[in-house]
Every structure is written in structure tokens, then in C-alpha cells.
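Please keep the sequence and the structure in view while reading.

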Amino acid sequence: MKLGRWAKVQAFFFGMLLWVPALLASEGEAGKAPKTAWQIFHEGGIVMWILLIASILIMAFTIEAFIKIRVARLAPAAVLAQLKDAIVSGNYPLAYQVCAANPCYLGRIVQAGIERLGRGREAVEQAVGDTTAKELNGIKANIQYLSVIGVVSPMVGLTGTVMGMIKAFETLGSSGAADPSKLAGNISEVLVATGAGLFVAIPGFILYYVFRNRIQTVSVAVDSEVNLLLEDIPFEQLTGYRVSDYLGAAAAAPAPAA
């Protein structure tokens, strides 16, 4: 999906965050001017500010994910081509230098494998697997917060509603049932907090699952390229090989054991 289409999806989700107060603002009482979205937001108290901060965090994590979770970002085509040429020719020091000069997802994984070439295939695969897990954890870190926000936001909204209901019944206790319109007005105001909590949580959950699936798709594609890079390396001929011994001036020459 192109970034422009992702931006449209993002705009739709965050437009939903303003839907509840905007809808309520359009429905004023008979003979009275309808409340503005800002007035309804302000009446929600501190809970609405917490939910606003949560929606800003969702936007920030979403933009970051759009930028980071792409094959072109995790495994640039130019870097992949250089690594293929270097590894096919047996020039492992050059491959190492390419990785060091391009510290991307692909580069760090391949670099970890090259550092252990002399220890055999199993050691290389272990290093690649460990580094892949570490890199994926870094990519998923902020995406996990989308799920946290999705879980917590309804609870925050419900807390605001409960606090508002307490105040509403205090009003009822002080004025009695002579003026039920005051109680109804208070209840309609506090329910905005519940609605706002839900409309922050919904985009958070949806985006979390979208990006989680996208991470899986992109990482599988990159891991496949890593496996192709390593599958033809003659590990039996590289026993005891240390890439650090061939860095520098000798990087331009193929590894002697290859």
C-alpha cells in the first residue's frame, strides 16, 4: 500500500476521534444554541486531556511505523545487491564493511552472521536468529503501545464517566428530583468521556493489528533474503576464519579459505 493511501486511512481513523463531540455539538436543546465540540471537550475534564494525549501518541507511533516498516527501509536494494556480490565472490570482509556502513535491519543481521563464519553453520544461524529477534523487538516496541492505548483508553473514559456520575448524583442529592433536567444534562456530559475513550481505542487496536501483520510480512521477506545470502557459504572451508583478520587493506581480496 502506498504511503498516500496509508495517510488517507490514518486521517479517517483520527477523524473518528472528533466524531462524538462533533455529533453532540450538532444536537442542541430546543431554543438553545448547540454546544461546540470544544465546549463538550472542556466539560469532559482532565479525562479528555488524557485521551487527547493518547490520540497524539497513536498518531506519532503510526507515522513512525509508516516510515520504518518497509522492505526498502529494512533491507535497501543497494545494500542487498552489494552483499550478494561480496558473498558470492567470497569477499566476506567487504560484506562486513557494507553491513557496518549500512546499519539497517538487514545489515545488522548479516554482520552478526559474518562475525561467526569460522564457528560453523550452526553458530552463524544462531547468531542470525538472535539478532533477528532483537531487531524485531526494537521494531515492535512502539507498536505494542498501540495495543496498550487500545486497552487503557476505554478504562480512562469509564473512569471519567464514573467521576461525572458521582457529581451528577451529588447534584440530585442537593436539589432533589425537582429539576431532573440538571441530572440529565450532567449524565449526557459524562457519557462523552466513555464515547471518547472508545473512539481513541478503536483506531489504536486496528492500527496495532495492521502493523503487527505488516511487520510479519516484511520480516519474512527480509529473512528469506538473508537465508539466500548464507546458504551457499562454504562453512566447512572456513573453520577458524575470523573476518577481523582480513579487514582494512585486505578487504578488497577474497577470503583465502573460500
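Q: In which helix is Ala196 found?
A: Ala196 is found in helix 10, which covers residues 180–230; a helix here is a DSSP run of H or I with at least four residues, a strand is a run of E with at least two, and both are numbered from the N terminus. The model is a predicted one, in which local features need pLDDT of at least 70 and side-chain atom pairs count only at pLDDT 80 or more, whereas totals for chains, interfaces and linings use all residues. Residues are numbered from 1 along each chain as its sequence is written, and side-chain values use heavy atoms, with hydrogens and water left out.

Q: What elements does the protein have, and in what order do they run from the N terminus?
A: The protein has 10 helices and zero strands, and from the N terminus on its elements run α-α-α-α-α-α-α-α-α-α.

Q: Why does Ala196 count as buried?
A: Buried means under 20% relative accessible area, exposed means over 50%, and partly exposed is in between, with a 1.4 Å probe and protein chains only. Ala196 has a relative accessibility of 8%, and therefore it counts as buried.

Q: With which residues is Ala196 in contact, leaving aside its neighbours within four places in sequence?
A: Ala196 is in contact with Met48 and Leu51, where contact means heavy atoms within 4.5 Å. Ala196 also lies 9.1 Å from Leu52, C-alpha to C-alpha, although these two residues are 144 apart in sequence.

Q: Why do Ser219 and Asn227 fall into the classes they do?
A: Ser219 lies in helix 10 and counts as buried because its relative accessibility is 7%; leaving aside neighbours within four places in sequence, Ser219 is in contact with Tyr105 and Leu136. Asn227 is found in helix 10 too, but its relative accessibility is 49%, and therefore Asn227 counts as partly exposed.

Q: Why are helix 6 and helix 7 called roughly antiparallel?
A: Helix 6 (residues 77–88) and helix 7 (residues 92–101) pack at an angle of about 165°, with their axes 8 Å apart. The axes are lines fitted to C-alpha atoms, for helices over the stretch in contact, and the angles run from 0 to 180 degrees between N-to-C directions. Angles under 35 degrees count as roughly parallel, over 145 as roughly antiparallel, 65 to 115 as roughly perpendicular and the rest as oblique; helix 6 and helix 7 are therefore roughly antiparallel to each other.

Q: What residues make up the contact of helix 6 with helix 7, and how do they divide by class?
A: In helix 6, Val79, Gln82, Leu83, Ala86 and Ile87 meet Tyr92, Leu94, Ala95, Val98 and Cys99 of helix 7. These residues divide into nine nonpolar, one polar and no charged, where Ala, Val, Leu, Ile, Met, Phe, Trp, Tyr, Cys and Pro count as nonpolar, Asp, Glu, Lys and Arg as charged, and the others, Gly among them, as polar.

Q: How do helix 7 and helix 8 pack, and which residues meet there?
A: Helix 7 and helix 8 (residues 105–114) pack at an angle of about 145°, with their axes 8 Å apart. Tyr92, Ala95, Tyr96, Cys99 and Ala100 in helix 7 meet Gly107, Val110, Gln111 and Ile114 in helix 8, and by class this contact has seven nonpolar, two polar and no charged residues.

Q: Why does Gln111 count as buried, and what does it touch?
A: Gln111, in helix 8, has a relative accessibility of 16% and so counts as buried. Leaving aside neighbours within four places in sequence, Gln111 is in contact with Tyr96, Cys99 and Ala100.

Q: How many residues does the protein have, and what share of them counts as buried?
A: The protein has 258 residues, of which 40% count as buried.
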